[in-house]
Amino acid sequence: MCSTSSRETSVTFHTHVLPNGLHVIGEVSPSARSMSLGFFVRTGSRDEKPEVSGVSHFLEHMVFKGTGRRTALEVNMDFDRIGANYNAFTSEENTVFYASVLPEYLPQAVDILSDILRPSLRGEDFNMEKKVIIEEIGMYEDQPMWSAYDHAKKAFFADHPLGNSVLGTPASITALTRDQMQGYFDKRYVAANVTVSAAGNFSFPHLVKLLEKSCGHWNTGRAPRQGIREAPPRTSFQVIHKDKVTQEHVFVISPGPGADAPLRHAADTLAMVLGDETGSRLYWALVDPGLAESADVGYHDYEGTGSFFTSFTSEPEQTQKNLAIIQGIFRQVQKDGISESELSQAKSKILSRVVRSSERPMGRMQAIGMSWTYLGKYRSVDDELKAFDAVDLKKITQVLERYPFDLLAILALGPLKKLRAPHSNGRK
């Protein structure tokens, strides 16, 4: 077991690895009034083969359906008895189960979370939840922005594993069997592929003892991730006609640095300058004058690769003009970069975001859990603040040179049947 002290003298970081390979990390803050605990399973849609598309998200649901010790009702009741704020989420790369509780309820939180992470996967529960998942897919398909995002992501990543749908399809979920899910669980939910992250007011040695008792018997083994590579740029232009949708929803995706890249903080800062929901170039060009209902640029970092997601929603007749405006903004930033004042404003927003999130144990639990999962190391609040503060115009230029904003993958979903493809920004 090892520990380090951060610059915040009252906060200490600790790490431990159980004999079966389960990683335990914790940031202890005695001044906190609560604590958060999360089990980070390094698995998601990018780890799925076509025949089990959507299994990671489906399995997340099944984890709450009961164990050898608890029914689904008892799982919920036990969380409620300790006043826990609990939930889970599945992404392309991770499935995370978490709970925030008062410090005195740490033993119960560990017991419940570790128990449900060894679910029964009963056949009757599987068949019932399958219907829920298919309904959820339909619900999301009825949300134009989400549907446009999913289609655009697939168009950009194509045969790269990150192009896999997190939810799967009605066909893939219908065909999925309980035994296939069990096989996926046995391969991906091994102890060495799980990191337990905790933050707030708690005793780290006590946490380790609780986990040794609850998780020490978990199977060990390796769960390697295939296809860790940079996604090659793919030019595409697609218009999906939806006559029942009243507005046009557009995504433009271009490459960016990966989660472990030195330029990731500069990329995040550049995205803030271009497309923050207030005070950004897209905001003043599209939202403020009423040309679009919403417009933003977000930087998404993954293992081995990354991307910039630009999106806007507007009236159909305004779509062509808005695409031209965005192309003009990208052309200008590619030619002239950004200003010192834009950089300063973006950094102020980001630093404020980091600090405010760090004041909640939940925010720190997720931050250190993700950092450990992607980088294999601890990053304190000060580390993040210093990294963003060190972003300068030179680093922004390096991002633009390495990952130029060409309009590579464009997808529009809505009432329009056709659009003119924007002109190239000049790259061959």
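The expected span here is 1.5 Å times one less than the number of residues, and helices (H or I, at least four residues) and strands (E, at least two) are DSSP runs numbered from the N terminus. The model is predicted, so local features need pLDDT of at least 70 and side-chain atom pairs pLDDT 80 or more, while totals for chains, interfaces and linings use all residues. Residues are numbered from 1 along each chain as its sequence is written, and side-chain values use heavy atoms, without hydrogens and water.

Among the buried residues of H5 are Tyr149, Asp150, Lys153, Phe156 and Phe157; buried means under 20% relative accessible area, exposed over 50%, and partly exposed in between (1.4 Å probe, protein chains only). Their cover includes helix H4 (123-141) and strand E9 (248-256). Just after H5, Ala158 takes a positive phi of about 50 degrees.

Helix H2 (residues 72-81) buries Val75, Asp78 and Phe79. These residues cover an arc of only 100 degrees around the axis, which puts them on the same side of H2; the arc is that of the directions from the helix axis to the C-beta atoms. The face turned away from this buried side carries the exposed residues Leu73, Asp80 and Arg81.

Definitions and conventions
Contact means heavy atoms within 4.5 Å.
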